[in-house]
Amino acid sequence: MKTAKTIILSLLAAGFVLVSCQEGVKKDEKEIDISALTSDKNETHPPEIKAEDITITNPLNQAWVDSGKSIYSVKCQSCHRLTGEKLVGPGWQEVTKRRAPVWIMNMITNTEMMLDNDAEARKLLELCMVRMPNQNLTKDQAREVIEFMRNNDGEK
Amino acid sequence: MKQVIVRSLFPVFLLFAGMAGMQGCKPKGTSSAVSGNAASKVYVAPGKYDEFYNFVSGGFSGQMSVYGIPSGRLLRVIPVFSVDPEKGYGYSEETKPMLNTSHGFVPWDDLHHIALSETDGIQDGRWVFANGNNTPRIARVDLKTFRTAEIIEIPNSAGNHSSPFITENSEYVVAGTRFSIPMDNSNGDVPINTYKQNFRGTLSFVAVDKTTGNMSINFQILLPGVNFDLARAGKGKSHGWFFFSCYNSERANTLLEVNASQKDKDFILAVNWKKAEEYLKAGKGVKKAVSYAHNTYNEQTHSATSTLEKEVVMLDPKDCPDMVYFMPCPKSPHGCDTDPTGEYIVGSGKLAAVIPVFSFTKIQAAIAAKAYDGDYEGIPVLKYESVLYGEVQKPGLGPLHTEFDDKGNAYTSFFVSSEIVKWNIKDLKVLDRVPTYYSIGHLSVPGGPTKKPWGKYVIAYNKITKDRYLPTGPELAQSAQLYDISGDKMKLLLDFPTIGEPHYAEAIPAELIMKNSQKIYKIEDNQNPYAAKGDNFARVERKGNEIHVYATSIRSHFTPDNIEGVKMGDVVYFHITNLEQDWDVPHGFAIKGANNGELLIMPGETQTLKWVPEKPGVFPFYCTDFCSALHQEMQGYIRVSAAGSSVPLSFSTGKTTPDSITTN
């Protein structure tokens, strides 16, 4: 019995020595002090646009067509022609016939989400090989671009 | 039976445990100074962020570096006083004016000290200021963009060392002459040994606009030709005062190493700047004709402008009594630091065996009682004993700088004995000391110079690296060390290399800055007169012998990318507008043979590269910053023809047959 006690004490002592001298490899979780701001920061996206958020009406809103056109010339024209010609991205001719407004608007405002998750967008990426840049348009600006696209496709 | 086996194994086990223990505890040089869970304390997992930004002077690199603490990871090098071809700083037409001075374009300086802007004595994360020591200047970096927003030159100055140091509401940053000189508007062509007659020192109080941060020299104070070294603003109860250490009260002009170390005591100059403001208002200042550059960077036009200012107002203590006082301080004082309460001013005589701590309350009492020990060049010298709170005895060798924590402790760096010494401000007792590797200069506690130190760490910025890292030939990276100060004892956590020579640094909680960090320049707000906001504006124009290329870049092409009709004798300006509006998608621009750097254009920004063709031929240009899978394809050509050529000016993108096909 005495022996057993000695063994226990000795084991404890040995354990203490081991712990105290091998701290370099020991992980002491409690000591880590990383504040809330060191949490993962994922890319932030605006809320996904839903089909019911969009109202398409005729006749076209001419003011939107005009502002959509000026947005196009600054932020889109470098890669998209108004004809069917593919430059960096597809030409815009007939785009409103090929795609639903909600698809186009999400492609514009939630580019990363679409390129990651949407099958059609991924197909286009394989075709064009350049990830479409997120050009930081607001939802309203994207809607104005839709109006300009409809105008480009001959809608009245 | 079982017991027997255990018993027989027991001595073996003990021996084994003992050996393991000995192995673990065996000292292994300086690495044994690292204890416990140091690794986990500095480990910032992939994708996670550091807790503090650490803005570190880049010394003779002229730049400011930004590290994450506690990881010691380099986050950015901000070009400030030196050109940076990587970022086009000082190479693009838009940034060249930032480095203009009264001496013309100066491509380099020596950046020593950092001052983060403060509100109510607490870091507010808006701007960080830095001094240029060689050609006296102060720079302001905007912490929304981490870019140099403004540089102001300091006239009547040389060796701008006691700078920029800031007051508790960022009312002023200051500049003091480490090298006295004949004043700018006097005849400077004098014998050097007429130092005492002709050489003067000045202190400049540079006002900072509350809203814009714009700097302007409110006044200068004319002083005897001592060497002003470091400075700190008073705070709290001592707000309205500024303290400048100075050496060379001998006013030697040669072999200062010996000749400026003669006197037992030099000085700390106490400046009542509120009083100075009163004198200024009362018209006691004298306007002096000078010339100094004031450069500002406009975030809308993405362009710097440089203006030569022509006048400063000088206050002379002769006309302004009760504005400045000398306080004796042992042995060539260097650091001069005020504690968080503003009551204590810690002087560090770099050759002294004690650290004197002065009391602001006693300074006020001494001034009221006129407890003078004579005067120095007409300026009253307060009696040492009458202003002294006490001395820290036998702290170490060669005290330099002191920072403070949130628990009433001070941390002083010792160059000669290569250590940080922790002591209590109230009872002046030494509490702990740790070695640094090697020969520490400045040190930094997050929030250390403010009314609200964040504490937690002290960082040593060393003057000597030697064997700390893998050897890289005669020239080595600089060495910094991070210590945990959360407990009673300081604990070494980490070594990390830095650029230039790190002098002073400040650390600030990341959350105060990261939330304001700008991601892009909005293309709609781009007011650069040479911007091409969309391909409809992409064009090439000739103005006499100047060719202006207004080009756009977006993943992954330039518009235009084929340009002809440039002739020898022409000067070509490439104005490149990055049409991207997504974070971290810069495009670069470089052209073969240019005697110039590259451009690195942020999303929504326009930058201009000047190119003087040196011979006829076709010269490729390309995007230097990998931007997409088709980045390699982001290139173009410009054709240069002989001077008398009839090749018309043309430009295109995506056309295989230009409008004009001409050969000659």
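What is the mean pLDDT of chain B, and what share of its residues reach 70 or more? The mean is 93, and 94% of the residues of chain B reach 70 or more. Please keep in mind through all the views below that this is a predicted model. For the complex, the predictor gives an ipTM of 0.75 and a pTM of 0.89.

**Figure 1**
A friendly word of caution: where pLDDT is low, the predicted coordinates should not be read in detail.

**Figure 1. Chain B as a whole.**
Chain B holds 8 helices and 44 strands. With a radius of gyration of 29 Å, close to the 26 Å that the globule rule gives for 664 residues, chain B is as compact as a globular protein of that length. The C-alpha trace of chain B spans about 100 × 85 × 40 Å along its principal axes. How many of the 664 residues of chain B count as buried? The share is 53%. Among the contacts in chain B with a separation of 6 or more, 61% are between residues 24 or more positions apart.

**Figure 2. Where the two domains of chain B touch.**
Chain B is divided into domain 1, residues 52-514, and domain 2, residues 530-652. Taken over C-alpha atoms, the centres of domain 1 and domain 2 of chain B are separated by 43 Å. Domain 1 of chain B brings 8 residues to the contact, and domain 2 of chain B brings 12 residues. On the side of domain 1 of chain B that touches domain 2 of chain B, there are 2 nonpolar, 3 polar and 3 charged residues.

**Figure 3. Strand 10 of chain B, covered on both faces.**
Here we look at strand 10 of chain B, residues 172-176. Which way do strand 10 and strand 11 of chain B run, parallel or antiparallel? They run antiparallel, joined by 5 bridges, and strand 11 covers residues 201-208. To find your place in this pair, look for Gly176(B), which stands opposite Leu203(B) in strand 11 of chain B.

Chain A has 7 helices and 0 strands. Of its 156 residues, 25% count as buried. Residues 24 or more positions apart make up 69% of the contacts in chain A with a separation of 6 or more. Helix 4 of chain A, residues 101-109, is mostly covered, with 7 of its 9 residues buried. The buried residues of helix 4 of chain A are Pro101(A), Ile104(A), Met105(A), Asn106(A), Met107(A), Ile108(A) and Thr109(A). What covers them? The cover includes helix 3 (95-98), helix 5 (111-117), helix 6 (119-128) and helix 7 (139-152) of chain A.

**Figure 4. Two cis peptide bonds, with one in each chain shown.**
In chain A, Asn58(A) and Pro59(A) are joined by a cis peptide bond, with omega about -5°. Pro59(A) is placed in the loop between helix 1 (2-21) and helix 2 (62-76) of chain A. In chain B, a cis peptide bond joins Thr559(B) and Pro560(B), with omega about -5°. Look for Pro560(B) in the loop between strand 36 (557-559) and strand 37 (562-567) of chain B.

**Figure 5. Positive phi in two loop residues of chain B.**
Asp120(B) is not a glycine, although its phi is positive at about 55°. The loop that holds Asp120(B) is between strand 6 (111-119) and strand 7 (122-132) of chain B. Is Asp120(B) buried or exposed? Asp120(B) is exposed, with 12 other C-beta atoms within 10 Å. Glu377(B), also a residue other than glycine, has a positive phi near 50°. Glu377(B) sits in the loop between strand 22 (372-376) and strand 23 (379-382) of chain B. Glu377(B) counts as partly exposed, with 16 C-beta neighbours inside 10 Å.

Terms used: Residues numbered from 1 in each chain as written. Chains lettered and ligands numbered in written order. Predicted model: local features only at pLDDT ≥ 70, side-chain atom pairs only at ≥ 80, totals over all residues. pLDDT = per-residue confidence, 0-100. Helix = DSSP H or I, 4+ residues; strand = E, 2+ residues; numbered from the N terminus. Rg over C-alpha atoms; globule rule 2.2 N^0.38 Å. Buried ≥ 20, exposed ≤ 12 C-beta atoms within 10 Å, placed from the backbone. Contact = placed C-beta atoms within 7 Å. Domains from an automatic or database assignment. Nonpolar A, V, L, I, M, F, W, Y, C, P; charged D, E, K, R; others polar. Pairing = 2+ DSSP bridges.
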